[in-house]
Amino acid sequence: MATRFELVLWGPDRVAMQSAGEMALREVDRIGKRFSFYDPASELSRLNRQAAKRDMVVAGDFFELLLACDDLHSSTDGFFDPTIGPLMKLWHTSAERKKQPTSSAIQKALNVTGWKHVMLDKRNYSVRFDKEGLQIDLGGIAKGWAIDEAINILLEAGVSHALLHGGTSSVRSIGVQEDQKSWIVGIQDPYVPPDAAQWFSTVSLRDSALSVSAVHGKSFLQNDIEFGHVLNPKSGMARTGPHVSWVTGSSAVVCDAWSTALLAGHGVCSEPRLEIACLAQKNGTQWDIESFKPNPSLLSS
Amino acid sequence: MFRNRLSRRNFLKKSSFGTLSGVLAAGERIPLDQPFSSSSSKADDVIKCGLIGFGEWGREIAKTIHELEDTELTVICDHFPLMLRRAQREFPQAARELEYQKVLDNPEIRAIFIATPTHMHRELVVAALEAGKHVYCEAPLAHTIEDARAIAQAAKKAQGQIFQTGLLYRTEPQYRSVYGFIRSGALGKASMSRSQWHYKDSWRRASSSGERERALNWRLDDSISLGLIGEVGIQQIDTNMWMNGTRPVSVTGFGNVMFWNDGRNVADTVQALIQFPGGENMMFDASLVSGFDAKYDLYFGSDSTIILRDNKAWMFKEVDAPLLGWEVYARKDKFYKETGIALLANATKLESLGQDPTADDPNAKAPIYHAIQAFADNFNYGPFEPVVNYQVAFDATVVAIKANEAIRTGTKIEFKPEWFEI
């Protein structure tokens, strides 16, 4: 998944913790290989190559992941869309040139995107694209999926205290820390050098997940406007900075999709599987944070 | 049980298989998006398969059976309910069984894949063959020569049934391609080989159930485990035996627990020197302590050295080696101060099809894919002797068992011909 996963485990048996951690990270690696957009030999690449030509039967858990995409596409009103690969590619090229793409280029890319073109047949676990050139890129959700799967393995192995993150943007915890306190994760100001470690907010995790998305990172400036890598699947435009979003909930997959959707332009959040959803904008040196509490009953103590 | 009759689907496929089998035999890369295809959806055209053992490797086998067009993952068997729950989620179309006998009693199941711990193979293989099934058994065959021989004898007796073992590189296209190079003298005078397998991992498995955890950690129990050389090194040892075309004459081994001091007595780092009759000895080392440089095989000779890693290979020529015509046009890669000539199978054909032979192979498959494809091809187009038949598997297992013994005792063991008799 071209990102770093780190795991903290706490338990009385160091040997058992070590082996449980290895099993979890092996699963992360396995998922990364299966659902890689860039590896031509991955299960996802195989689907992308052939699903416009014929029905493709996929493994049950792959189908489950695609159903999750379908569900999240719907619940985010289309602001989470894993078919925006051509748009991503276009904006990536633009970032290298530091110049936003033309409207005709955006329209051309939009013509080969849209989750509505992905047909899922639950009877036989098959997938079909009704549009030639469509491609699914699970980059916005695979990290969360891998984290959820790894957490399940840790739970099966008897682990009761753990924190796992992927690329520092997707996090999930099991239980609490050794001292019975919740895991505290800081949301860093992306416009401050990392070594300054300046947090403008913190999140408390207890058997819950966190996902953070930011405009900054893979962005470029044009006419003093910062264009990021999070895209609005409807307009094809990149979200402009300085914005950060973060959400917490019980599932890393749901959090991943929603932090992206919130930043991509959804603007409000009433998703019942989330406990907190925040959208922050930087004004000068201050961050203005708009906070939603879609389901307060889920809030960590 | 007799082989599959040539169905309409297979008849249609066979017309293109003649060409393709030539391609595979030469270890060539298959051009992009030219899979076998058929308009038939007749259920009896596919091989209904039962998989016994749904651990980490069993999942890979299941994925491959599911992916291949010629095979259907009909039932998954594991005696641990958690594994069956996982199986249900990943392969919901497959039935699930806790008891293997029910799988063997199912007349619809034609082939059994066995991916259990090594010490459980004998009972399962013998029962499956006696039930008339075609069998694919993971390597090594067994943890004792007695058990391995019983399996080989059962396979020998089961005329008309396929018995193939999971020694993966004899069916892997790049290895088959290099096999052709080596056997045609590309090394000059072959002098020696060196293989390594490095992976940073405790080799230990965790479970919330103590009983399950003990079962999962069979590799760390020296009464049933063949250690690193037997459980993983057997693949590279077999490759070496294949390339050399002969069995070794002796093995000297060393091994220690260098890092994972958790009470285990199975070495986490091993070395072995395996002597061959012509003196082209093999040096092998495996370690769970360092992952550096992962896995590769090196074959040295007076004209060149060939390295194989993953699904790629390079040749490094000596300055006094004769010029090979094709090498002028071949891709060359730098390795520190050496220049490797990339051994790309099927490069000319790919170029003529407008594909870049130097790009990553979009059809690259794991070795297990090719192994199971070979098994399926044998079912559909055979009968022919599997390239990894019972004798090949038995030979490699005997060498692995004795190599592990040499490592545990720190001694040199000379192979006796009668050990290899079935």
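**The interface between chain B and chain A**

Chain B and chain A bury about 2500 Å² between them, and 46% of this is on carbon and sulfur atoms. Buried area here is the accessible area (1.4 Å probe) that two parts lose on being put together, summed over both. The model is predicted: local features need pLDDT of at least 70, side-chain atom pairs count only at pLDDT 80 or more, and totals for chains, interfaces and linings use all residues. Residues are numbered from 1 along each chain as its sequence is written, chains are lettered from A in the order in which they are written, and side-chain values use heavy atoms, with hydrogens and water left out.

Chain B gives 30 residues to the contact and chain A gives 32; contact means heavy atoms within 4.5 Å. Between the two chains there are 10 salt bridges. A salt bridge is a side-chain nitrogen of Lys or Arg within 4 Å of a carboxyl oxygen of Asp or Glu. One of them pairs A:Glu64 with B:Arg89, with the closest N and O atoms 2.8 Å apart. On the side of chain B that touches chain A, the elements that give two or more residues are helix H2 (56–67) and helix H3 (81–90) of chain B. H2(B) gives the most, with six residues. Helices (H or I, at least four residues) and strands (E, at least two) are DSSP runs, numbered from the N terminus.

B:Glu56 takes part in two of the pairings described here. A:Arg26 meets B:Glu56 in a salt bridge (3.3 Å, N to O). A:Arg26 lies in helix H1 (residues 14–34) of chain A and B:Glu56 in helix H2 of chain B, so the pair joins two chains. A:Arg26 is buried, at 18% relative accessibility. B:Glu56 is partly exposed, at 39%. Buried means under 20% relative accessible area, exposed over 50%, and partly exposed in between (1.4 Å probe, protein chains only). B:Arg205 also forms a salt bridge with B:Glu56 (3.2 Å, N to O). This pair links distant parts of the chain, 149 residues apart; B:Arg205 sits in the loop between strand S7 (190–198) and helix H8 (210–216) of chain B. B:Arg205 is buried, at 9% relative accessibility.

A network of salt bridges links A:Glu27, A:Arg30, B:Arg59, B:Glu60 and B:Glu90. Within chain A, the side chains of A:Lys33 and A:Asp29 meet in a salt bridge (3.1 Å, N to O). These two residues are separated by about one helical turn, because they are four residues apart in helix H1 of chain A. A:Lys33 is exposed, at 52% relative accessibility, and A:Asp29 is partly exposed, at 42%.
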